[in-house]
Amino acid sequence: MAQVEATTERIIAADAETVFDTLADYSGAREKLLPEHFSEYEVREGGDGEGTLVHWKLQATSKRVRDCLLEVTEPTDGQLVEKDRNSSMVTTWTVTPAGEGKSKAVVSTVWNGAGGIGGFFERTFAPKGLGRIYDALLANLAAHVEK
């Protein structure tokens with residue numbers, strides 16, 4: 001099993017604190033930012049950053065749906081980590097200042113991929129597909145905070 005990683009980033013015309021607070025708002029803003037690949041969204045505990053437990057289904061492809069139950073931590077300022085209780089998947093959101101009134105949002109997801117030929121295809125195509133999903137989410141985030 002090889003580790004698979006998908007990373008994408010975006011410069012957003014809003015300060016880092018606003019962007020981070022919006023991402024960490026699981027009980028409000030976060031659900032509104034999700035593209036159509038996400039369904040069955042439900043906050044089960046908490047709802048604001050550290051200590052949140054959130055559920056969703058992520059439809060990565062027409063045949064591949066992940067049932068995710070994510071524990072949220074904030075290991076450092078400007079960072080949210082979502083660890084899936086149902087798999088090896090870990091998503092890290094990092095928001096840093098990027099000049100006056102701007103911020104850089106980076107999302108990186110890693111997981112233990114399959115072996116064999118299936119693993120080859122997963123390592124080849126999954127990062128691109130997940131990158132497109134997170135590009136859409138970051139575009140929705142930018143539209144939400146750049147008002």
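Guide: One cavity of 30 Å³ or more is present in the structure. The model is predicted, so local features require pLDDT of at least 70 and side-chain atom pairs pLDDT 80 or more, whereas totals for chains, interfaces and linings use all residues. Residues are numbered from 1 along each chain as its sequence is written, and side-chain values use heavy atoms, without hydrogens and water.

Visitor: What makes a space a cavity, and what makes it a pocket?

Guide: Both are found on a 1 Å grid over the protein atoms alone: in a cavity a 1.4 Å probe fits but cannot get out, whereas a pocket is an open set of points with protein on both sides within 12 Å along at least five of seven lines. Rolling a probe the size of a water molecule over the atoms shows where empty space is left.

Visitor: Which residues line the largest cavity, and how much space lies in it?

Guide: The lining consists of Phe38, Trp56, Leu58, Leu70, Glu82, Met89, Thr91 and Tyr134; a lining residue has an atom within 4 Å of a point. About 40 Å³ of space lies there, a volume being the space filled by probe spheres set on the grid points, which are joined across faces, edges and corners. By class, 6 lining residues are nonpolar, 1 is polar and 1 is charged.

Visitor: Which element contributes the largest share of the lining of the largest pocket?

Guide: Helix H3 (residues 116-145) does, with 7 residues; helices (H or I, at least four residues) and strands (E, at least two) are DSSP runs, numbered from the N terminus. The largest pocket has a volume of about 350 Å³. Of its 14 lining residues, Ala60, Thr61, Arg64, Glu122 and Ala126 are the closest to its centre.

Visitor: Why is Phe121 called partly exposed?

Guide: Its relative accessibility is 43%, and partly exposed lies between buried (under 20%) and exposed (over 50%), with a 1.4 Å probe and protein chains only. Phe121 therefore falls in the intermediate class.

Visitor: What makes Ile117, Phe120, Phe121 and Phe125 a patch?

Guide: Patches join residues with over 30% relative accessible area and no salt bridge: like charges within 9 Å, and nonpolar side chains (Val, Leu, Ile, Met, Phe, Trp, Tyr) within 5 Å. These four form a nonpolar surface patch with about 450 Å² of accessible area together, computed by the Shrake-Rupley method with a 1.4 Å probe.

Visitor: How do you know that Glu9 and Lys104 form a salt bridge?

Guide: The definition asks for a side-chain nitrogen of Lys or Arg within 4 Å of a carboxyl oxygen of Asp or Glu. Here the closest N and O atoms are 3.7 Å apart, so the pair qualifies. Glu9 in strand S1 (residues 3-12) and Lys104 in strand S7 (residues 103-112) are 95 residues apart.

Visitor: What do Arg85 and Glu71 tie together?

Guide: Arg85 and Glu71 form a salt bridge with closest N and O atoms 2.4 Å apart. Arg85 lies in the loop between strand S5 (79-84) and strand S6 (90-97) and Glu71 in strand S4 (residues 65-73), so parts 14 residues apart in sequence are tied together. Both are partly exposed, Arg85 at 47% and Glu71 at 33%.

Notes: Nonpolar A, V, L, I, M, F, W, Y, C, P; charged D, E, K, R; others polar.
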